[in-house]
Amino acid sequence: MAYMGSGDSNCGAGARPHAYDPYQQPELFRGVLTRRMIAFLVDLLVLSVPVILAVIFIAVFGLVTLGLGWALFWLVSPASVIWAIVYYGATIGGPSSATIGMRVMDLELRTWYGAPGYFVLGAVHAVCFWISVSVLSPLVLLIGLFNGRRRLLHDFVLGTVVINTSVRSQLVEPART
């Protein structure tokens, strides 16, 4: 699975080669950008449901307490950020190295040398993604069109790659037997 032929290789003296070669294994990256966009929408839905429920609870609580409970609305923004970071960290750091949306779309996040994700990587990946989307808006997706691994800006910064889960498992299974 090692690949050392492209200009975006992180190989130096003693460094590990890239684990996933887009030229020898193009099926790992087929349709990844489209599926990442759909996975993002699924994750956005998963993230927003608890926030919406919290807002409804605070609104009702405010009615019951004659307006005093509405003072809790200031907690919604920081709690939403913490919830998103914990969600991405826990799901990417979990056994499948994928958020719920990524699992639905048959994707997983790996490091450039093939290791699975971990909590801090997932949390930082989310923060870098939201910052890059905030600054570059939809232009962040254009970067993925011009490299073989379909990596986005935050993937380059963090040294990650998103691949098709079922294809990777098919490639790994014969090696175990």
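Let's start at one side chain: Phe40 has a relative accessibility of 24%, so Phe40 counts as partly exposed. On this scale, buried means under 20% relative accessible area, exposed means over 50%, and partly exposed is in between (1.4 Å probe, protein chains only). Before going further, please keep in mind that this is a predicted model, in which local features need pLDDT of at least 70 and side-chain atom pairs count only at pLDDT 80 or more, while totals for chains, interfaces and linings use all residues. Residues are numbered from 1 along each chain as its sequence is written, and side-chain values use heavy atoms, with hydrogens and water left out.

Now for the overall layout. The protein has 7 helices and 2 strands, and from the N terminus the order is α-α-α-β-α-α-α-β-α. These elements are DSSP runs numbered from the N terminus: helices are H or I with at least four residues, strands are E with at least two. Of the 177 residues, 37% are buried. Contact here means heavy atoms within 4.5 Å; among contacts between residues at least 6 apart in sequence, 63% join residues at least 24 apart.

Back to the aromatic rings, of which the structure holds 7 pairs. Rings of Phe, Tyr and Trp (its six-membered ring) pair if their centres lie within 6.5 Å; planes under 30 degrees apart count as stacked, over 60 as edge-to-face and the rest as tilted. Phe40 and Trp130 have ring centres 5.6 Å apart and planes at 55 degrees, so this pair is tilted. The two partners sit 90 residues apart, with Phe40 in helix H1 (residues 32–64) and Trp130 in helix H4 (residues 119–136), and they link distant parts of the chain. Trp130 is partly exposed, at 30% relative accessibility. Another pair is Trp112 with Tyr113: their centres are 5.3 Å apart and their planes stand at 90 degrees, so it is edge-to-face. Trp112 is buried at 15%, whereas Tyr113 is partly exposed at 31%. Phe40 and Trp130 also belong to one aromatic cluster with Phe129.

Phe129 brings us to H4, where the buried residues are Leu121, Gly122, Ala123, His125, Ala126, Phe129 and Ser132. They pack against H1, helix H2 (76–92), strand E1 (107–111), helix H6 (153–158) and strand E2 (160–164). What follows H4? Just after this helix, Ser137 takes a positive phi of about 50 degrees.

Ser97, which is not a glycine, has a positive phi of about 50 degrees; Ser97 is found in the loop between H2 and helix H3 (100–104) and is buried, with a relative accessible area of 0%. Asp106, also not a glycine, has a positive phi of about 65 degrees. Asp106 is in the loop between H3 and E1 and is partly exposed, at 26% relative accessibility.

Ile56 lies in helix H1 and is partly exposed, at 47% relative accessibility. Ile56 is one of the members of a nonpolar surface patch, together with Leu45, Val49, Ile52, Leu53, Val60 and Val64, with about 670 Å² of accessible area together. Patches are made of residues with over 30% relative accessible area and no salt bridge; like charges are joined within 9 Å, nonpolar side chains (Val, Leu, Ile, Met, Phe, Trp, Tyr) within 5 Å. A salt bridge is a side-chain nitrogen of Lys or Arg within 4 Å of a carboxyl oxygen of Asp or Glu. Accessible areas come from the Shrake-Rupley method with a 1.4 Å probe; for residues, only the protein chains shown count as cover.
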